[in-house]
Amino acid sequence: NGMTAAMEDYLEMICRLSEKEGYTRIHILAKNLNVKPSSASKMVDNLKVLGLVCSEKYGVIQLTETGLAAGNYLLYRHNLLNRFLCYINDSDEELKQVERIEHFMDERTIANIAKFLITG
């Protein structure tokens with residue numbers, strides 16, 4: 001898909017932040033990712049080149065149809081892995097582990113984890 005792990009993190013967060021209003025802003029994105037607005041702006045430009053977001057300088061960031069589909073998958077993968085790790089580790093939260101492994105899981109593995117959780 002041409003995205004780095006960092007790009008995936010940004011797209012996932014843009015998707016999460018855009019759920020209510022359909023958009024987010026650079027300063028909100030930067031705050032939620034604990035980065036400088038200039039760093040967030042550069043990454044948004046990279047996502048724009050890939051056709052995943054539309055944005056205006058100092059304006060809103062909106063997901064394209066492709067970006068929304070990719071972002072929704074990234075959220076799904078994140079939530080599924082958290083659920084799976086909580087299940088096997090008998091815990092309530094596995095965010096640190098999810099953040100470390102989510103970028104290395106392929107779609108087949110994610111689908112098989114989903115099947116496992118359903119049929120368990």
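Y73 and Y76 lie three residues apart in helix α4 (residues 65-89), so about one helical turn separates them. Helices here are DSSP runs of H or I with at least four residues, strands are runs of E with at least two, and both are numbered from the N terminus. The model is predicted: local features need pLDDT of at least 70, side-chain atom pairs count only at pLDDT 80 or more, and totals for chains, interfaces and linings use all residues. Residues are numbered from 1 along each chain as its sequence is written, and side-chain values use heavy atoms, with hydrogens and water left out.

A search of the whole structure finds three aromatic pairs. In the pair formed by Y73 and Y76, the ring centres are 6.3 Å apart and the planes stand at 45°, a tilted arrangement. Rings of Phe, Tyr and Trp (for Trp, its six-membered ring) are paired if their centres lie within 6.5 Å; planes under 30 degrees apart are called stacked, those over 60 edge-to-face, and the rest tilted. Y73 has a relative accessibility of 26% and counts as partly exposed. Y76 is also partly exposed, at 40%. In these terms, buried means under 20% relative accessible area, exposed means over 50%, and partly exposed lies in between (1.4 Å probe, protein chains only).

The rings of Y87 and F116 have centres 6.0 Å apart and planes at 70°, so this pair is edge-to-face. Y87 belongs to helix α4 and F116 to helix α6 (residues 107-119), so the pair ties together parts that are 29 residues apart in sequence. F116 is partly exposed, with a relative accessibility of 36%. Together with F84, the residues Y87 and F116 form one aromatic cluster.

Helix α4 also holds H78. This residue is buried, with a relative accessible area of 8%. The side chain of H78 makes a polar contact of 3.2 Å with that of E12 and one of 3.0 Å with that of E102. A polar contact is a pair of N or O atoms within 3.5 Å; within protein, one atom must be able to donate a hydrogen and the other to accept it, and residues adjacent in sequence count only if both atoms are side-chain atoms. Leaving aside residues up to four places away in sequence, H78 touches E12, R16, L95, V98, E99 and E102, where contact means heavy atoms within 4.5 Å.

Three strands make up an open sheet in the order β1-β3-β2, with antiparallel pairing. β1 (24-25) and β2 (53-55) are the edge strands, each pairing on one side only. Two strands are paired if DSSP finds at least two bridges between them. Between β2 and β3 (residues 60-63) there are three bridges, in the antiparallel sense. V53 has L63 of β3 as its bridge partner. Helix α3 (residues 37-49) packs on the sheet and touches β2 and β3, its direction making about 125° with that of β2. Axes are lines fitted to C-alpha atoms, for helices over the stretch in contact, and angles run from 0 to 180 degrees between N-to-C directions.

N34 sits in the loop between α2 (26-33) and α3 and is exposed, with a relative accessible area of 71%. D90 sits in the loop between α4 and α5 (95-101) and is exposed, at 73%.
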